Amino acid sequence: MGDDFRASFRVQSEDRLAFWAEQSRHLHWHKPFTKTLDWTNPPFAKWFEDGQINASYNCLDRHVLEGRGGRIAIFFEGEPGDTKTYTYSQLLAETKKAANALLDLGVSEGDRVALYMPMIPEAVISMLAIARIGAVHSVVFGGFSAESLRSRINDAQAKLVITADGGFRKGKAHPLKEAVDQALENNSCPSIEHVLVVERTKSEVIMSDKDVWWQDALGKAATDHVAVGFDAEHPLFILYTSGTTGKPKGILHTTGGYLTGASYSHRVVFELNSEKDIYWCTADVGWITGHSYVVYGSLANGATQVIYEGTPDSPNFERWWEIIAKYKVSIFYTAPTAIRTFMKIGRSVVDGHDLTSLRILGSVGEPINPEAWHWYHDVVGGSKCEIVDTWWQTETGSIMISPIPHAFKTKSGSAQRPLPGITVGIVDENGVPVKSTHDGSEAGYLTIDEPWPSMLRGIWGDPERYVETYWSKFPGKYFAGDGARFDEDGDIWLLGRIDDVIKVSGHRLSTAEIESALVEHHWVAEAAVVGAKDEITEQAVVAFVILRQDELGDAPNEEEIGKVLGNWVTEKIGAIARPRQIMVVSELPKTRSGKIMRRLLKDVAEGRPVGDTTTLADSSVMNAINDKLHEGATD
């Protein structure tokens, strides 16, 4: 794969569009395309526009027709311990019935369907069934509030909601249908005609005239369904970005280009051997990672994968490692926040489990700091696995920057190179390209300089907002919203969101860089850094740290810990980055996908009332941090 990948760099440098056309032909086209890209009206791209394709057919039918129907598509592991296995033939059969059930409920081509579900096979089947009939899915993460669900349903004007009575989470049945009822009450979502309900937890729910049980709908549905092709630019899904404030921002992806990017990147980044590998991406389908690397990319490539319903700590922190050993997972893709959580607990929860099947470890969601990278490599990977630290976004649709196994020597903490066919740059505030430096001191803004197949096609219903949000800062270039720098080898180091840059006495500091420095100290498992207003320096650094219990030993009190860690940051970065305040906390505020909600920590640091906590996995975390602040923090 390494040699093939290096060769693909040469091919795409000669003719980038021919390269993407070649990658797209790995898919089945109902009507082959003849035109690769129309970029006559930037930033509105059309890829493979005269071709016709069906995403569901590519994920299911073609594998069955080509003799792979008996291959296992999904090993499902429920949080309570129940399991279910689907071959590609079985998954296709269920998807056909679900597609017919949707048609029976009045859903047709172009209609929007909202999903609000636990991480169960029916979520995947629903997405594929919706795509199969040419409808458009909008998955809303099951941890979002009824109000968030309502705003997304109304923005998309969804015709139907698919949900479940509930899902299992942290050993309990978490209600979902109840939140749907709240979202729809008093005719708050007038576009909704039906609610399709999967029975998962057997919790008691109220069924209205609009509500239909999943098993009843599929039981009545015809068993055969022929998938037809849709235009390559036909909408596939709308996904609302997390942390939306005000009017929801629905990222729109279309079929042909998105499926090309998702399947190609999944194949090369994870060095996939679909006949041998057991693949597990821990993301929920409520996020783009679940869309691209649980549903579309992996199934289009005929992979065998694990889907797990619950959290990594249920019933204990050994669950993930037990699952890897049970199914002999060879490719594992998760978030740095999860890795740092395990670092905090210590390697004892990993040791003792047979993880020798692992060969590729992936990281997604935010830059992985070097200390977590090494822990992941040494403790989980047994010092033998390749690590791919991937950078991409909801808007990009698929992985854009990543190390490639066995193609180049990897560096801990660096995403390294854009994939073939992707053109990126790093520019200063005036749009002037920055150069590679020995110490990586010249940081700038990450841009994407040429259109790519899986790029978003706009913001649902708001083309002007699309142009203003992504294409106005540096005309002609997509601005990703992230900071980055090159090192002396030309490798890329991501510095996190530019919103997470702190300006202290005129100096721009990356919160990610300070967080990485803190986590390098053997006491620290995880850190979150924010900027707080300061009368003298404009902003000051405030850090929140979780300590590693197995490394503390006879550690001093919190005041002394703060001084030691402050000196450590000074040594690693400089006195300008030394935190004004370091708070030792037991947990950080995170969404259920593992994203740290730094805006809430900023509220605490600046003494404001804490904002909306509805998307947190555990809202009590902020209460504990507030209480700790009032007791007094370390300096």
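**Helices, cysteines and salt bridges**

Tutor: Helix α9, residues 255–269, has 15 residues and reaches 21 Å from its first C-alpha to its last, close to the 21 Å expected at 1.5 Å a residue. Please keep in mind that this is a predicted model.

Student: Is α9 mostly covered or mostly open, and how many of its residues are buried?
Tutor: Mostly covered, since 15 of the 15 residues in α9 are buried. His266 lies in this helix, and with a relative accessibility of 0% it counts as buried.

Student: What is His266 in contact with, leaving aside its neighbours within four places in sequence?
Tutor: With that exclusion, His266 is in contact with Leu272, Tyr279, Tyr293, Gly297, Ser298, Asn301 and Ala303.

Student: And which residue takes a positive phi just after α9?
Tutor: That is Glu271, with a phi of about 50°.

Student: What about α5, how far does that one reach?
Tutor: Helix α5 covers residues 121–132, and its twelve residues reach 16 Å from first C-alpha to last, close to the 16 Å expected at 1.5 Å a residue. It is mostly covered as well, with twelve of its twelve residues buried, and among those buried residues are Pro121, Glu122 and Arg132. Just after α5, Gly134 takes a positive phi of about 80°.

Student: Switching to cysteines, how many disulfides are there in the whole structure?
Tutor: A search of the whole structure finds zero disulfides.

Student: On to charges, how many salt bridges does the count come to?
Tutor: The count comes to 34 salt bridges. One of them joins Asp82 and Arg200, whose closest N and O atoms are 2.7 Å apart. This pair links distant parts of the chain, 118 residues apart, with Asp82 in the loop between β4 and β5 and Arg200 in the loop between β11 and β12.

Student: How accessible are Asp82 and Arg200?
Tutor: Asp82 counts as partly exposed because its relative accessibility is 30%, whereas Arg200 counts as buried because its value is 15%, under the 20% cut-off.

Student: Where does Lys96 sit, and what does it pair with?
Tutor: The side chain of Lys96 meets that of Asp224 in a salt bridge, at 3.2 Å from N to O. Lys96 is in helix α4, Asp224 is in the loop between α8 and β13, and the two are 128 residues apart. At 16% relative accessibility, Lys96 counts as buried.

Student: Which residue does Lys344 meet in a salt bridge?
Tutor: Lys344 meets Glu587, at 2.9 Å from N to O. That pair too links distant parts of the chain, with Lys344 in helix α12 and Glu587 in the loop between β30 and α18, 243 residues apart. Lys344 counts as buried at 13% relative accessibility, while Glu587 is partly exposed at 37%.

Terms used: Residues numbered from 1 in each chain as written. Predicted model: local features only at pLDDT ≥ 70, side-chain atom pairs only at ≥ 80, totals over all residues. Heavy atoms only, no water. Helix = DSSP H or I, 4+ residues; strand = E, 2+ residues; numbered from the N terminus. Expected span 1.5 Å × (residues − 1). Buried < 20%, exposed > 50% of the residue type's maximum accessible area, 1.4 Å probe, protein only. Disulfide = S-S within 2.5 Å. Contact = heavy atoms within 4.5 Å. Salt bridge = Lys/Arg side-chain N within 4 Å of Asp/Glu carboxyl O.
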